[in-house]
Amino acid sequence: MLTKFQLKNKLKVLLIQSHKAPVVSVQVWVKTGSADEKKNEEGLSHFIEHLVFKGTQKFGVGQIAQIVEGSGGELNAYTTFDHTVFYVTLSSTEQEVGLEVLSQMMGHPRFDNAEINKEREVVIEEIKRSFDNPSQVASQQIFSTVYKKHPYGIPIIGYDKNIKAVSTKKIAEYYNARYVPSNMCLVVTGDINKNKIKPLIEKYFADFKPNKLKKIKRSKEPKQKKLNYNYKTSDFKEAIVNIAFKVPGAIHKDVPALDLLGIILGYGDSSRLVKRLRLKSPLVSSIASGSYNPLDNGIFIITAHLQMSRIKEVLSAIAEELSLVLKEAVGIEELQSAKLNIESDEIYGLETVDGLARKVGYFQTMAKDPEYVQKYLNLLEKVTPKDVFKVARKYLNPKQMSVSILLDKKESKGFSQKHFFEEILQLKSDLTNALKVKPPKMAKKNISGKKIKVPLSLEKAKHEIEKINLPNGGRLILKQNPEIPLLSIKMGQLGGLRQETKNNNGITTLVSNTWAAGTKNYSEEEIAKLIESHAGSYSCFGGRNSMGVSFDILSPHFNEVETALEDLLLQPTFNFEKIQREAQIQIENIKSKEDNPSSIAIQKFMENIFTGHPYSMDVLGSQEFLRQATTQELLSFFKAQCAAANTTFVAVGDFEKSQIKEFFTRVDSQKPKGEKHTKTFTTELLEKEKNIFIPLKKEQAHIVLGYRGITLSDEKRYILQIIQAILSGQGGRLFLELRDKASLAYTVAPIQLLGIDTGYFGAYIGCSPEKTETAISMLKEEFNKMATFLVDYDELERAKKYLVGQNHIGLQRNSSQASSILFDEIYGIDCVEAFEFYNKIKHIEPSQVIHLAQELFLKPAVTVVVGPNKPKVGF
């Protein structure tokens, strides 16, 4: 149940009790974003988002993060066009910590000149990072094409020239004018006592000065009268096409119908665009559609990632699908499935306290009503096929259309701005002609679905894990969580990259991508339609150590999909045409790796740290194998991994135990008995340092530095988690030394892999090329400190609390619990350990930490640099 009240300074407060897990989310929503900035202020809201972490009236630089993470929590913030959000998630026993730190950040930031100057460098690194991300570049391209005058056309992150030039005085003025109590909303959700938390809120937030809010008048976008087209080239290998139409803002009455149209056209494998352009013919590597409705007018957008050679064909296919929704009403089944998917999102959102807080905070900020979600769902329930048809014809207006195309400059050499313009004009013509077709008569019939009510207030429940040895050799693990009507199912086997050779490298990923592309009794389209129409989702996975299937659904709908799920788990057919389709996409993903320099760095690091071991191979595989892969090869590989003795089944959530036992006993009985994989591999001794440079023209250098690590079964893995906690997070050593103090990067973090035979531990950093040598030196220095000096008890205790808190936060969802149980079990670890985590780390001493650090970090390191400039020393 939602409780609302307001402090005397006009700060709005929203409280929701949910006792499902011992976790609390504290969020402050500020109704100001990048669209509220004037000329030469662009990026200021985002900059302030950074600066409030850099010291307050009570806390110094880095202390806020250390306090929160030392209390087992996590904190962060984000800026949008319309609002800025600051949030802390932590154990319910530490909720006062969350209130205190956010009150300091929101009400008493220091804005120290020296710290502002340091943070300028960090934000500039973040801006540079965005230029290396194709999706971000393409997104900004389409927004600037749609919005010529309105500030939504300006990047939220702003411009580096503004960040360099803005004064401390200007920052403080902007903050004092917009970050006022009347423009803020405090949201607290989770395991709270409302009567006890109210006095704490008064204690920490009542002293905010009730400054007058400076009102902002945003520039209005003039009415669009003709097609907007933007053609741009870049160094990215994959092309990205965006098609956008103007639509209204967040609380307009047409938004529910537009959301449904977006799902029907391009959300999930059963949607029209995905079926047509991704599954029936692999014309795109991905395509999606949706309605983006901010505070002011938004866009209905279609985004396709593809090879440049297919752009004409893709534009033609999109034109046909859009023309169809302009001529004919959508089907009743399509509409009902779309409604159920949106409604189910509301239920999935209740699994975490963060999701609950985001929901009410968003609607309070956008609609001035935290319970608007119920109004939205009521409107959604009333939408008919005729309503969807009407909004399609109203908003998919070719005169209000904008198109952007992002191309590889090498591949498009010799092209001009006019290239593809004929196809875009044809798209416009097709839509114009479709709108001329006389609308068919249709009944305004309401389509209602099965209503599932879930209370916001949930009670604590502790449910035991039950392990069952199935008759044919499989293992079944059950954990009932009946508080929310959701069910998560996992099936996994040992296998993956470790079972591949140089000759079939990539087969695990190819198997996982084609597993659901048809079974003995169901076509690919039938599986997608059946499961998605019941608000279910499924995916097949394959990695370095394992492969399997993940499945989530609203538990009342399990009966309707049970037979199809059984067929999916047991009888994939690996049709050759589907193999060719997915192999082609996989090859394109390999070719597009240059668009992700951090992935290149990681893969080259893996090749050198694990020379001679299967882990050194790329999970995407080799183009040679993918071009000749056959049905028989995939079937043989699948059967070798999926024997009953090598399989573990997990069910977590709301279910009837007898039904689930019977289901998995039946599945287990149909598998070949086989044996559990026990093969082990050795790794070559790493005798000396390795330094590798890969030239790539990017804004940043991407650096991976690491050491040979330990295995999944090594008891020292809990000590290694302590080391990771000491180094990671905003209060960790890497962040404090390399980002906060040295301003080297926006992103710096420890990375690790615990494998079955071996592992690694290291760090990643992305920085300006001229900072490369300093970054490498400082990373090595931090690892050397871990191996040279004992960790003090305060830092050790903070690390322990952080890990315990992260464990609680991470296990809120049924799917997270199911994954933890599955992978622990198949790797030979007691799956109960994740739920008794504190017992594993509470007795760890500083001497154990330094001994493991010496074992790892005094050995030779592997360093990989991907970027424009070769380091001057050692490479």
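Some ground rules. The model is predicted, so local features need pLDDT of at least 70 and side-chain atom pairs count only at pLDDT 80 or more, while totals for chains, interfaces and linings use all residues. Residues are numbered from 1 along each chain as its sequence is written, and side-chain values use heavy atoms, with hydrogens and water left out.

I start with the aromatic rings. Rings of Phe, Tyr and Trp (for Trp, its six-membered ring) pair if their centres lie within 6.5 Å; planes under 30 degrees apart are stacked, over 60 edge-to-face, and the rest tilted. By this rule there are 30 aromatic pairs. One of them is Phe86 with Tyr179, edge-to-face, at 6.4 Å centre to centre and 65° between the planes. Where do these two sit in the chain? Phe86 is in strand S5 (residues 84-91), and Tyr179 is in the loop between helix H7 (168-178) and strand S6 (184-190), 93 residues apart. Helices (H or I, at least four residues) and strands (E, at least two) are DSSP runs, numbered from the N terminus. Phe86 and Tyr179 are both buried, which means under 20% relative accessible area, with exposed being over 50% and partly exposed in between (1.4 Å probe, protein chains only).

Another edge-to-face pair is Trp515 and Phe638, with 4.9 Å between centres and 85° between planes. This pair also links distant parts of the chain: Trp515 lies in the loop between helix H17 (507-514) and helix H18 (524-532), and Phe638 lies in helix H23 (residues 631-641), 123 residues away. Trp515 and Phe638 are buried. There is also an aromatic cluster made of Phe81, Phe143, Tyr147, Tyr152 and Tyr292.

Next, the pocket. On a 1 Å grid over the protein atoms alone, a pocket is an open set of points where a 1.4 Å probe fits, with protein on both sides within 12 Å along at least five of seven lines; lining residues have an atom within 4 Å of a point. The second largest pocket is lined by 31 residues, and closest to its centre are Asp259, Ser291, Tyr362, Phe363 and Tyr376. Which helix gives the most to this lining? Helix H13 does, with six residues.

Last, helix H25 (residues 717-727). Nine of its eleven residues are buried, so H25 is largely enclosed by the rest of the structure. Among the buried ones are Arg717, Tyr718 and Leu727. Just after H25, Gly729 has a positive phi of about 80°.
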